[in-house]
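Hi,

Here's the structure I promised to pass on.

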Amino acid sequence: MSASKRLLYIANHRVFWTSIWRRKVTTWSPVGAAFNAKPLRRLESFDKNVGLFGVPELNSPAGFEVATKKALKDTQELLDKVCSSPPGVVTVESFDQLSDGLCKVADLADFVKVAHPDPSFRDAAEKTCIEIGTVVEKLNTNVDLCRSLKNLLDEKKVLDQLDPETRYQYRKEAVKLHVQLLDLSNKFLMGSHLPNRIAKSAIPEHIHRHFATEGSYVQIGGLHAESSDDLVREIAYRIFLYPNADMMDCLDDLLKCRNKLAKLVGYESYAHRALQGTMAKTPGNMLPSLSTELMPWDPPYFSGVLRAERYNIEPSLYSPFFSLGSCMEGLNNLFTQLYGVSLNSEHPSAGEVWNEDVHKLVKMQSKCPCSVVVHETEGLLGYIYCDFFQRADKPHQDCHFTIRGGRQCQESGQYQLPVVVLMLSLPHPTKSAPTLLTPGMMENLFHEMGHAMHSMLGRTRYQHITGTRCSTDFAEVPSILMEFFAADYRVVNQFARHYQTGQPLPQNMVTRLCESKKVCGAADTQLQIFYSALDQIYHGEPQNRSTTDILKDTQQKFYGLPYIPNTAWQLRFGHLIGYGAKYYSYLMSRAVASMVWKQCFVKDPLNRDMGERYRREMLAHGGGKEPMLMVEGMLQRRPSIDDFVEALVSDLNPDFETFIMDSTS
């Protein structure tokens, strides 16, 4: 078949499938049609490869080395400028330009190393991450840079008290610790996801089918918490969490290294250093009060059974109403009404995206479209790349990546538009239906889009404080708030339509779904308190006992289920790397989101005035304003610790949980 005939066939085939779905439902908007269209391969043999994300150097794996060298060369020139300039605005702007140059390469590489289907690209990106990461750690302890930015870095108060030789030794030790932390963090994070194995002969033969096999061994790579087989759950728990001596040593070294670094720069503990500039301020601020309000119970499997049996929330009943296109259309409508912002699908250029599947569709119907975010008066706000579908070697997690932060470019006078990626693991469309989401998938889509809009609607002067680059315990507020919108029938009714009949999702189904989420909610929250407490204890003052002994005591104090001997759950606690001493952030963000929803949006979730206030007070500042001041501006009052506790507890259903406890005791 000639190229021209092939293109005509593709176009006609696309129209055929789109017309089938459109005949069965109301007409989709352009963004809805783009995400509901049947994906097809595009031909790009005559198009110029513009490189990943439009970066020309990245049209091949070798381009990472070129981009890295250029970034490091520019960094040295800007470093000389920063260190030779007196403290002031010009110095800060030059430093932000330096940071921007490194981040535009490092952040992009950080995404590519986990998401690109080509191992050569992943390997090249990994090398870039290590090389730039090492340079960044050296910059963090550069004495001349610290002196120029003396009002920004906590090390300054330590450095001022040291003589030149001691400062040199201090810097040398700090760089050494940073490099060690980088290595230990990578080792722990990789090890926390690796499966454990056991001989097939050691477990009953009839449950082998539940696990992966390798020769005469069974590989167990998770807890299988949703399995209905008690024995499968027990064996998975005991084997997957079985202690690993190397990982134990790695975690011990990691915690010691973090504590040593914190002490080196004058902090009581790593937790005290990590919580600088957060809403919590100091370790353990909210957890004890919250813990006394809740009642622990519930392995995850049983809560799922209770939800399904009591409320009939079988996902297959909901999925036909949540096609991917309809959900994207719902998001578009919501953002238009709240902020005057619309999502428009744009055709990506050849080589711009990392997954070959994106080339299956033409123009707006790309499988992994680039959504252009446009404001009704401000114009183009930024770009969102939507990597939504499952594929081999792709992480099975929903997350948001900042590829390029927004900033006011002093060198050009223009605003650098933000670029982000949303990554989900959705099923592919079929010949007879578009991609259909479960209620959980729909909620996760709204959650991650909350992060994306935080990045899009921020308009900060500097990129190192743009969008989600803010206090960790504030960063989840916009995403969790979106979950409240996703659970409100007035919002859901605007987009949830059966993909075949066009019928709206009945209100009673939305009500049942929302009520089901409260089942065992206190137990879920208590589990998060336990994780948060353990995280802060690990990063507090060092204790002369093993991390397992600390886990056992903390579990007894903060969680009702007993510790299981010969297990080491902490070795699977990968959040210790990215959220060290700050795992509590999810709880605090949920409390803030609950307060904002109830005070500002529950009466009218589509109120434009409230949407504008939310953008102005909370989304616009990124990390450029103290988080509690942003919350105070939105609520028009300063919340207390009791307010945070009340916000979390009031979203639960204690009467129903008491009923459950009584019926199972």
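This is a predicted model: local features need pLDDT of at least 70, side-chain atom pairs count only at pLDDT 80 or more; totals for chains, interfaces and linings use all residues.

Let's begin with His-539, which sits in the loop between helix 21 (521–538) and helix 22 (547–558). Its relative accessibility is 2%, so His-539 counts as buried. Leaving aside residues up to four places away in sequence, His-539 touches Leu-255, Arg-258, Ser-269, Tyr-270, Ala-271, Leu-576, Gly-580 and Ala-581.

Next, the nonpolar cores. The largest one has 131 residues, and Phe-322, Phe-388 and Phe-601 have the most contacts inside it. Helix 24 (residues 585–601) supplies the largest share of this core, 10 residues. If you click on Phe-601, you'll find it touching Leu-338, Leu-481, Phe-485, Val-596, Met-610, Gly-611, Tyr-614 and Met-634, again not counting residues up to four places away in sequence. There's also a second, separate core of 34 residues, with Leu-102, Ala-124, Leu-145 and Val-421 among them.

Last, the second largest pocket, which holds about 640 Å³ of space. Its lining is made up of 30 residues, and Val-55, Gly-101, Lys-104, Val-105 and Arg-404 lie nearest its centre. Helix 3 (63–84), helix 4 (89–115), strand 6 (379–389) and strand 7 (399–404) each give two or more residues to that lining, and helix 4 gives the most, with seven. Sorted by class, the lining has 15 nonpolar, five polar and 10 charged residues.

Cheers

Notes:
Residues are numbered from 1 along each chain as its sequence is written. Side-chain values use heavy atoms; hydrogens and water are left out. On a 1 Å grid over the protein atoms alone, a cavity is a set of points where a 1.4 Å probe fits but cannot get out, and a pocket is an open set with protein on both sides within 12 Å along at least five of seven lines; lining residues have an atom within 4 Å of a point. Grid points are joined across faces, edges and corners, and a volume is the space filled by probe spheres set on the points. Helices (H or I, at least four residues) and strands (E, at least two) are DSSP runs, numbered from the N terminus. Ala, Val, Leu, Ile, Met, Phe, Trp, Tyr, Cys and Pro count as nonpolar, Asp, Glu, Lys and Arg as charged, and the others, Gly among them, as polar. A nonpolar core is a set of buried Ala, Val, Leu, Ile, Met, Phe, Trp, Tyr and Cys residues joined through side-chain atoms within 4.5 Å. Buried means under 20% relative accessible area, exposed over 50%, partly exposed in between (1.4 Å probe, protein chains only). Contact means heavy atoms within 4.5 Å.
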